[in-house]
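This report covers a single protein chain.

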Amino acid sequence: MASPFPTFEEFYAAVNDGRDPLPWQSRLASQVVREGWPTEIGVPTGLGKTSCLDIAVWALAAQADRDPGERTLPTRIWYVVNRRLLVDAAYAHGSLLAELLHGARSWDSSIPGVSEMGSDRPAASSIEAVASALRRIRGVGGTEDTPLLITRLRGAADLGERPAHPAHPAIIFATVPMFGSTWLFRSYAASPNMRPVDAAHAGIDSLVLLDEAHLSRPLRALVEPVTECDLGDPAVVVPGARSRPVFVSLTATGDKHDSFELDERDLANEIVKQRLRAPKPTQLASVEKNEDAIAPELAKKLLAVLAECARPVASVVFTNTPATARAVLDQLVKHRKQRQSVLSEAELVMITGRMRQREAEIARARVLDERSGVPSGRDREALTRHFVVVATQTLEVGADLDFDVLITETCGVRALIQRFGRLNRLGEVDDAVAVVVHPAKVKQWPVYGGEPAVVWERLQEKEAELGELDLCPARISEVVGEPDDQPQRLPELLPAHLWEWAKTTVPPPGEAPVELFFEGFATEGPRVTLCWRATSFGVGERLVPSVHADETIEVPLGEAREALDQRLGAGAELTRLARDRVTVERVRVDQLRPADIIVLRPGDGLYDEHGWAPASRAEVIDVSLPHWPGLPLDPVTLSHWFVASPALEEVVLLGKRIREGDEDLDLGEVGELLQTLTGELEPRQEIAEAWAAFRLELTAKVDGSSLPPLLLRKRENHQRRESQLLAADAFDDLSASARSVRLDEHLQSVGELAGLIAAAVGLPAPLVEAVAAAGRFHDLGKSDERFQAWLWEGRSPEVLRAKSDTPPWRRESARLLAGWPKGGRHEALSARLVHAWLAQIGEPQWDPDLVLHLVLSHHGFGRPLLWPVEDDTATVCRATVGDRVVEVSASLADVDWDQPARFRRCCERYGYWGLALLEAIMRQADHLASSQAAGEPLEVA
């Protein structure tokens, strides 16, 4: 018998170790089910805003028994934080949610976090009921799929997993740039061809929880203009309540507009009272010298406080700029070297926004360590030495941390409230200490303008009035007053901007950069991106692998020029990526432009374990290893990553022979030898963990007789666009692993799956039939004789195929043998066949523009035009469409000039994101059908 659907209180307790929700959490859950989400949740920091994830999942599951077209709550939940380096406890909690729900069918008490309640059947029943409801909403999925997908988008280092299809419930954690770019059809996490799919996942049927939304006000401000600039109405695709993203601001320092606040029941709750009244006695210190004295004063105040501490404590020093943070760290390191220093045994960590992902993850792991770090709820007795974190605004949000001591520069109202939210967060101690340090001669601050001076005056006035300051959460807003920060300067969004961004196939030259619209104009001026590579490369060559976000930092252009001038010399040349973002070129330091990507050598320094360090001359480790598609055979790179050994010498020698094209090499034998040698290579300590994971991946790729997965030549010429498109055709990523399937079976399968997904999303019946029809037609162009010869590698076709198991290294020769034009798109023939069929049968029951567009765009092209290619081998293409045999010209040099206008009409009917959703349904049904062909069973709820 199915478990009865639980109350929110039952579900919350089940996924939170038996704890009851706070009154406001229960009240919000009830409101969401009845009325939907408020625009703002103005609950003070430390009172569990992460529970909004529990509320969102439970409320969505509560609507599972409704007809999909009547559901009002969004299927996908985005949790957006404006910090790349630290993802707070929300991600860990979301992951636990997914594990619990995934294991709910056969309750497993070994699931991490619930081992003590594994035998608690009420808790298990609550989770089982929610999991079952989410599976019903999902409709279609693999038997191993979790009913709730948890994924994370923080940059190219952490691209996460895309929901399998638009009906799959998911929580997606993302930074503001990752969500904003995805929403506006320019996803940093996707290839141009997949941008419409990802835009659909963000821009329709989605709930967007903006954590500490005061840090992402430009993104929030985009909602209204985006709606006004959309060409059409996506409410004709999904119900109105789900047709646009639902934005909810989670913030303790919001604008109180339509804000969900604590009420009397909350204020009477013992836990709430303890946290709101958590003592945070605060001292004020003014620095009368120039602003350069602020760093020594911050360090001095910390040392004075620590000297009075009777036990090891966790301290944080907040600064307003990375330069000040570095200066404070230098002061503390210098003091630690002194005899009998209070810091002699202390651990020092610095966290700023100018850290690569590798170093940021190390710092994150330290501060969140359960025993020796500072997560909320930690055992303070476990700390055996002073723990000091020096941080910028990066640490204000995005981490559930609890310090005993806080030293901070004066800053804006919102920032100060957030910083104090990290001190005695749960109200567990009565000896917390805070010091606010103010540079008296400074009138304007980076980021905050003149607001810190106003805050300082208010603090002084309140101290004079009361004799002492206690900035506990219940009192701090009253003391510091209303924020006086100025909104960021933003460009005006125009309809033309959205229209250009929607053209994902061919982004127009000179288009407006999307980041300006969700980040605003940078207050610190234009920036450049820096990365460090050991690879040897020459001018005009392609940088392999391409630069990924996790190996980069961003630095203001002026600061980067100054540091590079000092390190390399005035007028020195350095390497940057050309405008194509692929090939490298040499330029002088004074020729650097805003947004340039600069490739430095490890020996250039300027970076250390704590991040950007203009004074550092230490070698910087190249962290690009995880992104190489095969083992790099470049001797410079290998010597940088691995300890000298006979195995390393042999790999370098083999690489040289491969690069020189030694005809005596037997690829199979060399592949086996390299596989053996990789097990003997000894990595440098800094890359040991990355090498272990990378080597496992390499081993998994190797097919005993094949070398290519293990090898990557030192240089790759910059390929023409047509050849780059090759992998997205019959030999896309899914096809490479799929078993050969019959074309008629594949078309039938995709049509059925597209219809099921569309129905699960809640599309009206005519649109369900339209996407199903597109699924049945999308690969008709593969009936072309040349295409079949390509799939069969020149053999006589036994049946029409949709997929092939041709190994990657034989695909190009097979194409040449078959006569299929390079870069040719079978979608063009599919649409041509459908168009001819429509001319024979008359008006169908569905929108012919939509179906033709879905067929043309099912590999991401055709927005707005599918490019022709030279074709001197074409004859005719013949296929059975419906119950008729249709014959059309097979020339891929012919252009469908109706497609741009058709694309425009579809955008006007369904809206940009409504059309993207329809494309996503059809395309991801194609992906699922290919997975099914590869042996992964599907289930239908």
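## Strand 5 and its partners

In this predicted model, Leu153 stands opposite Ala174 in strand 5. Strand 4 (residues 149–153) and strand 5 pair in the parallel sense, over 5 bridges; strands and helices here are DSSP runs numbered from the N terminus, with at least two residues (E) for a strand and at least four (H or I) for a helix, and pairing requires at least two DSSP bridges between two strands. Strand 2 (residues 76–81) is also a parallel partner of strand 5, over 6 bridges, and there Trp78 stands opposite Ile172.

In a regular strand, side chains alternate between the two faces of the sheet. Strand 5 (residues 170–175) is covered on both faces: Ala170, Ile172 and Ala174 are buried on one side, and Ile171, Phe173 and Thr175 on the other. Buried means under 20% relative accessible area, exposed over 50%, and partly exposed in between, with a 1.4 Å probe and protein chains only.

## Nonpolar cores

The largest nonpolar core has 109 residues; such a core is a set of buried Ala, Val, Leu, Ile, Met, Phe, Trp, Tyr and Cys residues joined through side-chain atoms within 4.5 Å. Phe179, Trp183, Leu184, Leu763, Phe777 and Trp913 touch the most other members. Helix 34 (residues 912–933) gives the most to this core, with 12 residues. A second, separate core of 60 residues includes Val389, Leu416, Phe420 and Tyr607.

Leaving aside residues up to four places away in sequence, Phe179 touches Trp78, Val80, Ala174, Ala202, Val208, Leu219 and Phe247, where contact means heavy atoms within 4.5 Å.

Helix 3 (residues 52–62) is largely enclosed by the rest of the structure, because 10 of its 11 residues are buried. Among them are Asp54 and Trp58.

Arg801 sits in the loop between helix 29 (785–791) and helix 30 (811–818). Arg801 is buried, at a relative accessible area of 10%. A polar atom of the Arg801 side chain lies 3.1 Å from the backbone oxygen of Leu791.

## Whole chain

The chain contains 34 helices and 27 strands. Of its 941 residues, 59% are buried. Among contacts between residues at least 6 apart in sequence, 75% join residues at least 24 apart.

## Conventions

Residues are numbered from 1 along each chain as its sequence is written, and side-chain values use heavy atoms, without hydrogens or water. Local features need pLDDT of at least 70 and side-chain atom pairs count only at pLDDT 80 or more, while totals for chains, interfaces and linings use all residues.

Methods: Polar contact = N/O pair within 3.5 Å; in protein donor to acceptor, adjacent residues only side chain to side chain.
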